[in-house]
Amino acid sequence: MGVTVPLEGKLSGEAFALLLRTFSLPEPRSVRFVDSSHGEDDLRHNYIIDNAYVLRANSQPVMTDARLCELNGLIERYRSLGLLTPRFLPAADGRYTAQADGMHCYVSEYLNAPLADDVKDSCRESLIEQRLELVCRFAARYRGEALSETRAMYSLFKLAPYDKPCGIDEKQSNFNDLTASLRESGEGELAAALERRYGEIRARLRAVWDTLPECFFQGDENFSNLCVDEQRRIIGLFDFNMAGTDVIANYLANIAFQGKFFYSDECFAEWSAEKLYRAVMDSYAESTARIRALYPFTAEELDAYRLCAKIVVISGYVNTAAFSEFLSREETHAKTVELLRLILKDFLQEEDEP
C-alpha cells in the first residue's frame with residue numbers, strides 16, 4: 001500500500017489494507033482521518049481516501065447491511081432530483097459491512113464539494129429557500145413510496161431511534177423540560193395551562209396521525225450536510241444516519257421554523273416579548289406560504305401541519321432550550337413568561353389562514 005493508515009484511528013495498517021481489498025478500492029494516494037466519535041463508547045472513525053471514498057469504522061453497529069441497502073434506495077431518489085448524493089458501496093460478496101480490529105466498517109462515496117455551512121453567512125436567505133424547496137419537491141414526488149420502519153428524528157408518537165431509550169418523542173421530552181423549568185421558577189400556573197392545551201393539541205394530532213401521508217426523508221438537512229457550487233446553489237446532500245419516515249405535514253412544519261433564530265441574547269435584550277413573538281410567527285407565515293406553493297396539501301394535511309407548527313414553536317429543541325435559559329436569568333425572566341403567555345394565547349386560537 002502506497003500510504004500509511006493515519007495513526008489517530010483505531011484500524012491497524014493490516015486491517016485497513018484488508019478492508020480496501022474487501023471493498024475493491026484502489027490503492028490510495030492520500031488518506032485523511034476525521035474523528036466524529038460520540039464518546040469513548042461510541043467511536044466513529046472516518047478515513048477519507050483520495051477525496052473519493054470514505055471508509056467508516058465504528059465501535060458500535062451503527063449500520064447494518066439491511067439499513068445500508070435501504071438507504072441506497074433512498075439515495076437514488078435524491079439523485080433522481082439531480083442532487084449529488086454519495087452511495088454506499090457493496091463488497092465483492094454483496095454485503096455492505098465488514099469487521100476489522102473490533103470495528104464495524106462500511107464504505108461510501110465521498111462528496112468533495114464546498115459545504116453550505118461554510119458559505120451560509122453570505123447567502124443564508126437563499127440557502128433557506130433552496131432547502132425548503134428541496135424538501136417540498138422530494139415530499140411531493142416520493143409521498144408514500146418505499147417507507148422505512150425507522151422513524152425520522154422529528155417524528156411524534158412513533159419513536160425515532162434516539163427517542164426509544166426514554167420512551168417519549170423528543171418534542172414531548174423538550175416540553176416536559178420546559179414546564180419543569182417554569183415550575184422551578186415559580187410559574188406553576190402557566191406551566192399547567194400550557195400542559196392542558198399542549199395535551200389537547202397532541203390528542204387531536206394522535207387521532208388522525210395514522211391517516212396522514214408519510215415520506216422517507218434524509219432526516220437532517222442542516223447546512224453542514226448540504227453542498228453548494230460556485231453560485232451558492234445546493235447541489236449535494238449527504239449523511240443519512242438520521243434518515244427515516246415521518247408524517248409529511250409534521251416534517252414540513254419543522255422545516256418551516258429552520259434557518260431563522262430570534263431567541264438570541266441580543267434580540268432578547270433589545271426586543272419586547274411581542275416583537276420576538278411576531279418575528280417568529282411572521283417567519284413561519286412566510287415559510288408556510290412558500291411550502292403551500294410547492295407541496296399540495298390535502299385539507300386534512302393542512303390542518304395537521306398547523307397543529308404540528310404549534311408543537312414546534314413551543315417544544316422544538318432550540319426554542320425550549322432558549323426559554324429555559326432565559327427563564328433562569330433574573331433580567332429576562334419576566335419577558336420570557338410574557339412570551340410564553342403569547343404562545344399560549346395562540347394555542348387557544350383556531351388557526352386562521354396564514
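In this predicted model, R44 stands opposite N58 of strand β3. R44 belongs to strand β2, residues 44-49, and β3 covers residues 53-58. The two strands pair in the antiparallel sense, with six bridges between them. They form a hairpin in which three residues lie between the strands, and D50 in the turn has a positive phi of about 55 degrees.

β2 also pairs with strand β1 (residues 31-35), again antiparallel, through five bridges. In that pairing V34 stands opposite N46 of β2. Six of the six residues of β2 are buried, so the strand is largely enclosed by the rest of the structure.

**Helix packing**

Two packed helices are described by the angle between their axes and the distance between the axes. The table gives these values for two pairs.

| Helix pair | Residue ranges | Angle | Axis distance |
|---|---|---|---|
| α4 and α10 | 170-184 and 317-327 | about 10 degrees | 9 Å |
| α9 and α11 | 299-315 and 330-347 | roughly 170 degrees | within 11 Å |

For α4 and α10, the angle of about 10 degrees falls under the 35 degrees that count as roughly parallel, and the two helices are therefore roughly parallel to each other. On the α4 side the contact is made by E170, N174, F175, D177, L178, S181 and L182. On the α10 side the residues in contact are Y317, T320, F323, S324 and L327. By class, this contact has six nonpolar, four polar and two charged residues.

For α9 and α11, the crossing at roughly 170 degrees makes the helices roughly antiparallel. K310, V313 and I314 of α9 meet L340, I343, D346 and F347 of α11. Here the residues divide into five nonpolar, no polar and two charged.

α10 has the buried residues N319, T320, A322, F323, S324, F326 and L327. These pack against α4, α7 (residues 265-270), α9 and α11. T320, F323, S324 and L327 of α10 also take part in the contact with α4.

**An enclosed helix**

How many of the nine residues of helix α6 (residues 248-256) are buried? The count is nine of the nine, so α6 is largely enclosed by the rest of the structure. The buried residues are I248, A249, N250, Y251, L252, A253, N254, I255 and A256. Their packing partners include helices α3 (116-142), α4, α8 (273-294) and α9. Strands β7 (214-217) and β10 (244-247) are also among the elements that the buried residues of α6 pack against.

**The whole chain**

The protein chain has 11 helices and 10 strands. Buried residues make up 53% of its 354 residues. A compact globule with 354 residues would have a radius of gyration near 20 Å, and the 22 Å of this chain agrees with that. Along its principal axes the C-alpha trace spans about 65 × 45 × 40 Å. Of the contacts with a separation of 6 or more, 70% are between residues 24 or more positions apart.

Definitions and conventions. Residues numbered from 1 in each chain as written. Predicted model: local features only at pLDDT ≥ 70, side-chain atom pairs only at ≥ 80, totals over all residues. Heavy atoms only, no water. Buried < 20%, exposed > 50% of the residue type's maximum accessible area, 1.4 Å probe, protein only. Helix = DSSP H or I, 4+ residues; strand = E, 2+ residues; numbered from the N terminus. Pairing = 2+ DSSP bridges. Axes fitted to C-alpha atoms, helices over the stretch in contact; angles between N-to-C directions. Parallel < 35°, antiparallel > 145°, perpendicular 65-115°, else oblique. Contact = heavy atoms within 4.5 Å. Nonpolar A, V, L, I, M, F, W, Y, C, P; charged D, E, K, R; others polar. Rg over C-alpha atoms; globule rule 2.2 N^0.38 Å.
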